[in-house]
Amino acid sequence: MVNIIYKIAWAIWFILIFFFRESSISKYIIVLLVIPLCIIAVRRAINAREDWRPIAEEYHKDLEE
């Protein structure tokens, strides 16, 4: 469910950029929406890296032998 909300938030952000970037209020909304979206994206990337680290270490250990 969180993943769907995250994707919808990015879609809303792109729609705002394409159609509603003329007014100053929408510019503030675009900036305020992109900050948490970028923070969430970075945290998800770091968590994914940590999840894949044991698998990568095992794979590289097998290649060295």
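Tutor: Begin with a definition: a residue is called buried under 20% relative accessible area, exposed over 50%, and partly exposed in between. Keep in mind that this is a predicted model.

Student: Is phenylalanine 19 buried or exposed?
Tutor: Phenylalanine 19 lies in helix H1, which covers residues 2-19. Its relative accessible area is 58%. The cut-off is over 50%, so phenylalanine 19 counts as exposed.

Student: Which residues make the nonpolar surface patch of about 560 Å²?
Tutor: Phenylalanine 19, exposed at 58%, is one of them.

Student: What is the relative accessible area of lysine 27?
Tutor: Lysine 27 lies in helix H2, residues 24-64. Lysine 27 is partly exposed, a class that runs between 20% and 50%. Its value is 45%.

Student: Which residues is lysine 27 in contact with, leaving aside its neighbours within four places in sequence?
Tutor: Contact here means heavy atoms within 4.5 Å. With those neighbours set aside, the residues are Arg21 and Glu22.

Student: Why is the protein described as more spread out than a compact globule?
Tutor: The protein has two helices and zero strands. For 65 residues the globule rule gives 11 Å, and the protein is well over that, so it is more spread out than a compact globule. Its C-alpha trace spans about 60 × 20 × 15 Å along the principal axes. The radius of gyration behind this description is 18 Å.

Student: What share of the 65 residues is buried?
Tutor: Buried requires under 20% relative accessible area. In this protein the share of buried residues is 14%.

Technical notes: Residues numbered from 1 in each chain as written. Predicted model: local features only at pLDDT ≥ 70, side-chain atom pairs only at ≥ 80, totals over all residues. Heavy atoms only, no water. Helix = DSSP H or I, 4+ residues; strand = E, 2+ residues; numbered from the N terminus. Buried < 20%, exposed > 50% of the residue type's maximum accessible area, 1.4 Å probe, protein only. Patch = residues over 30% accessible without salt bridge, like charges linked within 9 Å, V, L, I, M, F, W, Y side chains within 5 Å. Areas by Shrake-Rupley, 256 points an atom, 1.4 Å probe, with all protein chains shown as cover. Salt bridge = Lys/Arg side-chain N within 4 Å of Asp/Glu carboxyl O. Rg over C-alpha atoms; globule rule 2.2 N^0.38 Å.
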